[in-house]
Amino acid sequence: MNFDFRSELSRRRLLGAGVALSGLALVGCASTSSGPSIGRVVIVGGGFGGATTARYLKLWGGNVDVTLVDRNPEFISCPISNLVLGGHKQMADITRGYGGLKALGVRVVQGEVTAIDAAGRKVRLANGTELPFDRLVLSPGIDFMMDGIGGLAAGIDSGRITHAWKAGPQTVALRRQLEAMPDGGVFALSIPKVPYRCPPGPYERACMVASYVKVAKPRAKVLVLDANPEITSKKGLFEKAFKDHYAGIIEYRANNELKSIDGTTAKLEFDDVKADVLNVIPPQRAGDIAAKAGLVNMNNRWVGVNWLTMESTAAPGVHVLGDATFPAPLMPKSGHMANQHAKVAAAAIIQLLKGEAVNPTPVVMNTCYSFVTARDVVHVASVHQFDATEKTFKTVPGSGGVSSAANQVEGRYALSWAENIWSDMLAL
Amino acid sequence: MNRLPLAAAAALALTAPLTMAQDAHLARNLAATCANCHGTNGAARGDMKVLAGVKAETLIALMNDFRSGNQPATIMHQISKGYTDEQIKLIAGFFAAQQPRK
């Protein structure tokens, strides 16, 4: 009886989708709400955004009923995964379990979400399980737009072509291809036009692959085929790294958009590049489940969000985080930023479940470290304050920036960053 | 049954934007933006500086020195300039009240 009453209240809260309504609802039932949970939150995606939300709902909310669904049994980090390609780290170094979250009382479910019923407030998994929620969090990351590049989907399916833009088996596969490449071979890396996940990531990858071949296959070449007119992040620092450390190995070509693939030959607008290993970072959009849920409402690729709560502008009550979102100006698609989105969302979800007003002045910030050698690192950082007039996050003039030069002090900080953010999100 | 609360809610909703009181959890939320590098509640690991338990005056002075350049930094001179004095005060107060990780 008590349970039914509470779920009826939750339903009304969602339907009303208003802070004031839920406030009244709570006042109305204050004397009877003795249940152990203030609400059920289902989180789809156990990466930087989703896991952080689970952790902070428990840290800040206490009695929130939290279920985290991911298709993978463990978390494998994209940041630092380029070091695995370079042979400087192993897969075990970038893999962490969900045990810390489970110990906090988060229900961790390994499964594939096949449908989202926003109106009926439940998520369905491939095995038929239904998970009811009062609020839903989607942190689905990105999926790839393969159709525009002939032969790409087939190439990736066959294993001949790798993307390695989601860490895991793809990272292992690309490393094996690299190890098997003959000395004197060509490694070609195709970079899509912006926006894509992790702006400096491709250039870090070029450096890490080059750091390996420089020692193991000194006659090999690393060809960077960039669809963009110039390096999209930390430009001067990467140009300097290419010149100082990898002269004669890395060749950078701007405005080289991949049109199609034949075997491991990259077909560009004006010429073909025959590679021994062809690593294609495909163009990207919000993860499939966001489209299935009908949330993709920006440029046919991304999810627009209300930055005060991280709720989708297409479906209030459904919070969307991280790379899947249509970003605020100068806001990068990064694991660090997804973690920051998650904290805004966790704070807001607890307040919305309690019928309180949400924080009107959130702040998020980003730090991204890139390895240019096994030890030398460069950063980019930014701080984003919410602008109430424009209802978006804006970077603070005069703040943020990049390293003055690559250095080994930041090499240590970069690895500590990884340990701290993994610990922050997974409660390790 | 639903009619009355909805009407009242609509009236409340109209007045809600006029009250921009500071969020009760603002210090906690701001400090959480530091956790990616400096650990949850400031309990950092590895080479990052532990912020949990640092006196508020010490942290405020350090942030001001980062901003002025008196304290050389790899990155904090850039990040410190993104927060207001008031925000730094709140962050420092929050970390001062935290326990370092055992």
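1. Confidence first: pLDDT is the predictor's confidence in each residue, from 0 to 100. In chain B the mean pLDDT is 86, with 80% of residues at 70 or more. Where pLDDT is low, the predicted coordinates should not be read in detail. For the model as a whole, ipTM is 0.90 and pTM is 0.90.

2. Some ground rules: this is a predicted model, in which local features need pLDDT of at least 70 and side-chain atom pairs count only at pLDDT 80 or more, while totals for chains, interfaces and linings use all residues. Residues are numbered from 1 along each chain as its sequence is written, and chains are lettered from A and ligands numbered from 1 in the order in which they are written.

3. Chain A overall. I'd start with the 12 helices and 25 strands of chain A; these are DSSP runs numbered from the N terminus (helices H or I, at least four residues; strands E, at least two). Chain A has a radius of gyration of 22 Å, close to the 22 Å from the globule rule for 428 residues, so it is as compact as a globular protein of that length. That radius is taken over C-alpha atoms, and the rule is 2.2 Å times the number of residues to the power 0.38. The C-alpha trace spans about 75 × 45 × 40 Å along its principal axes. Of the 428 residues in chain A, 55% are buried (20 or more other C-beta atoms within 10 Å of the residue's own, with C-beta atoms placed from the backbone; 12 or fewer is exposed, in between is partly exposed). Taking contacts in chain A between residues at least 6 apart in sequence, 69% join residues at least 24 apart.

4. Chain B overall. Among chain B contacts between residues at least 6 apart in sequence, 57% join residues at least 24 apart.

5. The parallel sheet in chain A. Four strands make an open sheet in the order β13-β12-β11-β17, with parallel pairing; strands pair if DSSP finds at least two bridges between them. At the edges stand β13 (250–253) and β17 (277–280) of chain A, each with a single partner strand, so one side of each has no neighbour in the sheet. Ignoring direction, neighbouring strands are turned by 15° against each other on average. Inside the sheet, β11 (186–191) and β12 (221–226) of chain A run parallel and are joined by 6 bridges, and A188(A) stands opposite L223(A).

6. The antiparallel sheet in chain A. This one is open too, with 3 strands in the order β6-β7-β8. Its edges are β6 (113–117) and β8 (130–132) of chain A, each with a single partner strand, so one side of each is left without a neighbour in the sheet. From one strand to the next the twist averages 20°. Strands β6(A) and β7 (122–125) of chain A pair antiparallel over 4 bridges, and K122(A) is the bridge partner of D117(A).

7. Strand β9 (135–138) of chain A deserves a look. R135(A) and V137(A) point one way, L136(A) and L138(A) the other, and all are buried. Strand β1 (40–44) of chain A pairs with β9(A) in the parallel sense over 4 bridges, with V137(A) as the bridge partner of I43(A). Strand β21 (318–320) of chain A also runs parallel to β9(A), joined by 3 bridges; there L136(A) stands opposite V318(A).

8. A helix pair in chain A. Helices α3 (48–61) and α12 (408–426) of chain A have axes that come within 6 Å and cross at roughly 55°. The axes are lines fitted to C-alpha atoms over the stretch in contact, with angles from 0 to 180 degrees between N-to-C directions. The pair is therefore oblique (under 35 degrees is roughly parallel, over 145 roughly antiparallel, 65 to 115 roughly perpendicular, the rest oblique). F48(A), A51(A), T52(A) and R55(A) of α3(A) meet D424(A), M425(A) and L426(A) of α12(A).

9. Last, I94(A). This residue is in the loop between α4 (81–85) and β4 (95–96) of chain A, and it counts as buried because it has 22 C-beta neighbours inside 10 Å.

Methods:
Contact = placed C-beta atoms within 7 Å.
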